[in-house]
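Have the viewer open as you read.

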Amino acid sequence: MCYTVQLLESAFDGDTNEVARLLDTAAGGSLLDINITDENKFTALSEAAAGGHAATCELLLQRGANPNAEGRFKRVPLWRATFASHLDAAKVLLGGGADPRIGDETGGTSLMLAREGRESMAQLYATWDEK
């Protein structure tokens, strides 16, 4: 299995130890782009966010992942975490610099998603402070 597939699948599954191992292995052998994408332009951070894995998101952010990297349909990791109501992952992403005002290709933002029946997410965004 290729490195990119392994990294993104491990991130989606929340296998933080495997993500760290893959990043460490790649860093030891070659230049590593932590923001490498799959065919849908999703990064490991986006996959971890979609899977709701806060610890994996935190590791990837600590390693330099872009919290606002746009994937398919211009959806950022925070949009994907918000869509799935993954509160802990969203908290980590906001703390790591994710911007809830970034819109997807339809103009929909994470902030707008939170207000559409995702009460716990809306409460989180109510406390978000622009930096």
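A search of the whole structure turns up 0 disulfides, a disulfide being a pair of cysteine sulfur atoms within 2.5 Å. Keep in mind that this is a predicted model, where local features need pLDDT of at least 70, side-chain atom pairs count only at pLDDT 80 or more, and totals for chains, interfaces and linings use all residues. Residues are numbered from 1 along each chain as its sequence is written, and side-chain values use heavy atoms, with hydrogens and water left out.

**Cysteines**

- Cys 2 counts as partly exposed because its relative accessibility is 46%. The scale runs like this: buried is under 20% relative accessible area, exposed is over 50%, and partly exposed is in between (1.4 Å probe, protein chains only).
- Cys 57 has 0% relative accessibility, so it counts as buried.

- Helix α3 covers residues 44-51 and is mostly covered, with 7 of its 8 residues buried. Helices here are DSSP runs (H or I, at least four residues), numbered from the N terminus.
- The buried residues of α3 are Ala 44, Leu 45, Ser 46, Glu 47, Ala 48, Ala 49 and Ala 50.
- Those buried residues pack against α1 (3-13), α4 (54-62), α5 (77-83) and α6, where contact means heavy atoms within 4.5 Å.
- Gly 52 follows α3 and has a positive phi, near 80°.
- In the loop between α2 (16-29) and α3 you'll find Thr 43, which is buried at a relative accessible area of 3%.
- Leaving aside residues up to four places away in sequence, Thr 43 touches Leu 8, Asn 35, Ile 36, Thr 37 and Ala 69.

**α3 against α4**

- Two packed helices are described by the angle between their axes and the distance between the axes.
- For α3 and α4, the axes come within 8 Å and cross at roughly 160°. Axes are lines fitted to C-alpha atoms, for helices over the stretch in contact, and angles run from 0 to 180 degrees between N-to-C directions.
- α3 and α4 are therefore roughly antiparallel to each other; the cut-offs are under 35 degrees for roughly parallel, over 145 for roughly antiparallel, 65 to 115 for roughly perpendicular, and oblique for the rest.
- On the α3 side the contact uses Ala 44, Leu 45, Ala 48 and Ala 49, and on the α4 side Thr 56, Cys 57, Leu 60 and Leu 61.
- By class, the contact of α3 with α4 has 7 nonpolar, 1 polar and no charged residues. Ala, Val, Leu, Ile, Met, Phe, Trp, Tyr, Cys and Pro count as nonpolar, Asp, Glu, Lys and Arg as charged, and the others, Gly among them, as polar.

**α6 against α8**

- Helix α6 (residues 87-95) packs on helix α8 (residues 119-126) at an angle of about 20°, with the axes 10 Å apart.
- That angle makes α6 roughly parallel to α8, and α6 passes α8 in a right-handed crossing.
- Leu 87, Ala 90, Lys 91 and Leu 94 of α6 meet Ser 120, Met 121, Leu 124 and Tyr 125 of α8.
- This contact of α6 with α8 has 6 nonpolar, 1 polar and 1 charged residues.

**Tyr 125**

- Tyr 125 belongs to helix α8 and is buried, with a relative accessible area of 5%.
- The C-alpha atoms of Tyr 125 and Leu 111 are separated by 6.7 Å, though the two residues are 14 residues apart along the chain.
- Not counting residues up to four places away in sequence, Tyr 125 touches Leu 78, Thr 82, Leu 94, Pro 100, Ser 110, Leu 111 and Ala 114.

Key
Helix = DSSP H or I, 4+ residues; strand = E, 2+ residues; numbered from the N terminus. Left-handed = near helix turned anticlockwise from the far one by under 90°.
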